[in-house]
Amino acid sequence: IKREKFRRKAQKKLETEQKIEEKKKWLQKYSDFSIFLDLNDVKTLKSLYGKYDMAHDDGDTKRRKRQRIDCGDASSDEESRRRLDLIRPYMDLKNSSGSAKQNRYFIAEGTESVRMLIEQSAQKNTPDRCEDLHPIKIHSIITKPSSFFEKPTLLRKNLEMSFSSYFCDNEDSENKTKEATENLNNSRNISPMQVIVASEDALTEIVGYNVARGAMACGSVTNYSEDWLHNYIGKKEKQDSGIRILALDKIDDTANLGSIIRSSAAFGIHAIVLSDDCCDVFYRRCVRVSMGHALSLPSVRVLNLASTIRNLRDKYGIVSYSAVIDKDADMILEKTLKGGISKNWLCVLGNEGNGISTPVVSACNHKIRIDMTQNVARLSV
């Protein structure tokens with residue numbers, strides 16, 4: 001029995017060492033876009049933060065910092081700055097606002113959100129990608145080793161499958177035709193996003209709290225204008241496949257917004273229209289609650305929601321419904337017969353406390369209500 005226990009222990013140790021070696025080999029092989037950081041690496045980089053950050057310095061301070069930088073080893077210094085730039089978007093997230101409005105980049109949390117973003121960012125040049133939707137640009141992902149290299153998450157597999165043209169083995173290229181080899185080499189030049197594999201304590205040091213979800217991603221915010229919305233709806237109208245739009249009037253809570261977006265994606269909503277006083281779709285909490293769908297479902301912020309609703313009705317015949325609790329609502333959802341809702345529709349949901357504003361209700365064709373028991377006044381968005 002003791003001999004068997006010793007054998008199992010030795011086998012487990014060998015397997016662990018092999019896994020560590022495989023991780024090192026992968027990081028070395030793809031060192032052009034991947035790095036590994038431990039706690040000491042992060043502390044060193046954070047100590048250099050003030051040295052390299054010159055955004056708010058005056059001219060004399062900038063000159064002194066440049067002199068100190070120039071005195072060091074150029075290659076090492078350049079690599080340090082590159083690594084610092086990679087982790088900068090993730091630094092001290094605990095004390096940041098979480099809004100993307102100023103920086104115009106988003107942070108997505110959770111392995112499932114990151115997995116979806118990896119797959120969607122690789123679809124920008126594929127035939128099944130809708131040409132009207134802006135491609136998702138992911139700058140980097142930061143992940144624990146276990147989330148990236150080990151099951152059940154194994155994000156490495158998603159990265160390799162999504163960017164298979166980059167990761168395909170080129171060892172048998174001598175047997176390929178010249179044209180095929182050139183195409184392969186060209187495709188391999190398109191590297192995926194930067195990958196930062198950080199130990200658990202290093203990741204905590206970077207973001208300022210324990211990252212239980214195992215991975216994060218940073219990417220560019222996608223902007224959809226009202227002109228884009230009209231162009232998109234015009235094409236949908238010609239397809240005659242139905243138009244489904246959700247409009248939100250002054251939603252204040254980012255968790256509520258994220259939940260609405262996730263449900264909208266599940267029910268096949270084509271686009272979300274936001275009043276100008278709605279909270280930010282790219283807020284970190286909203287992206288997290290939406291499971292990343294806030295980044296793939298197009299959302300359009302408009303200055304005047306009531307005016308937009310009228311324009312969509314007049315131009316495309318889209319019938320609009322305001323979801324209310326009013327007793328004088330002309331439609332009761334559960335009493336509406338199948339086919340009673342227009343094929344091309346827009347539904348408005350209102351603020352958590354005050355509901356839909358009067359001008360927006362007036363702009364809609366119908367007021368629709370869900371009957372509830374006497375003890376429940378309204379449903380939360």
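Biologist: Is Gly-110 buried or exposed?

Modeller: Gly-110 counts as buried because its relative accessible area is 6%. Buried means under 20% relative accessible area, exposed over 50%, and partly exposed in between, with a 1.4 Å probe and protein chains only. Please note that this is a predicted model, in which local features need pLDDT of at least 70 and side-chain atom pairs count only at pLDDT 80 or more, while totals for chains, interfaces and linings use all residues. Residues are numbered from 1 along each chain as its sequence is written, and side-chain values use heavy atoms, with hydrogens and water left out.

Biologist: Where does Gly-110 lie?

Modeller: Gly-110 is in the loop between strand 2 and helix 6. Helices (H or I, at least four residues) and strands (E, at least two) are DSSP runs, numbered from the N terminus.

Biologist: Which residues is Gly-110 in contact with, leaving aside neighbours within four places in sequence?

Modeller: They are Arg-213 and Ala-215, where contact means heavy atoms within 4.5 Å. The C-alpha atoms of Gly-110 and Ala-212 are separated by 8.3 Å, although these residues are 102 residues apart along the chain.

Biologist: And Thr-111, buried or exposed?

Modeller: Thr-111 counts as buried because its relative accessibility is 13%. Thr-111 belongs to helix 6. Leaving aside neighbours within four places in sequence, its contacts include Ser-147, Thr-153 and Arg-213.

Biologist: Now the sheet. What is the order of its strands?

Modeller: The order is 1-4-3-5-2, in an open sheet of 5 strands with mixed pairing. Two strands pair if DSSP finds at least two bridges between them. Strand 1 (34-37) and strand 2 (105-109) are the edge strands, each pairing on one side only. From one strand to the next, the twist averages 15°. Axes here are lines fitted to C-alpha atoms, for helices over the stretch in contact, and angles run from 0 to 180 degrees between N-to-C directions.

Biologist: Which strands does helix 6 touch?

Modeller: Helix 6 (residues 111-121) packs on the sheet and touches strand 2, strand 3 (138-143) and strand 5; its direction makes about 40° with that of strand 5.

Biologist: How many bridges join strand 2 to strand 5?

Modeller: There are 5 bridges, and the two strands run antiparallel. Within this pairing, Ile-107 stands opposite Cys-218 in strand 5.

Biologist: How many residues of strand 4 are buried?

Modeller: In strand 4 (residues 194-198), 5 of its 5 residues are buried. Gln-194, Ile-196 and Ala-198 are on one side, with Val-195 and Val-197 on the other. Strand 4 runs parallel to strand 1, joined by 4 bridges, and parallel to strand 3, also joined by 4 bridges. Val-195 is the bridge partner of Ser-34 and stands opposite Ile-141.

Biologist: Changing topic, which residues of helix 15 are buried?

Modeller: In helix 15, Leu-305, Ala-306, Thr-308, Ile-309, Leu-312 and Tyr-316 are buried. Seen down the axis, these buried residues fall within an arc of 165°, so they line one face of helix 15. The arc is that of the directions from the helix axis to the C-beta atoms. On the other side, Asp-314 and Lys-315 are exposed.

Biologist: Why might residues point the same way?

Modeller: An α-helix has 3.6 residues a turn, so residues three or four places apart point the same way.

Biologist: What follows helix 15?

Modeller: Gly-317 follows helix 15, and its phi is positive, near 70°.
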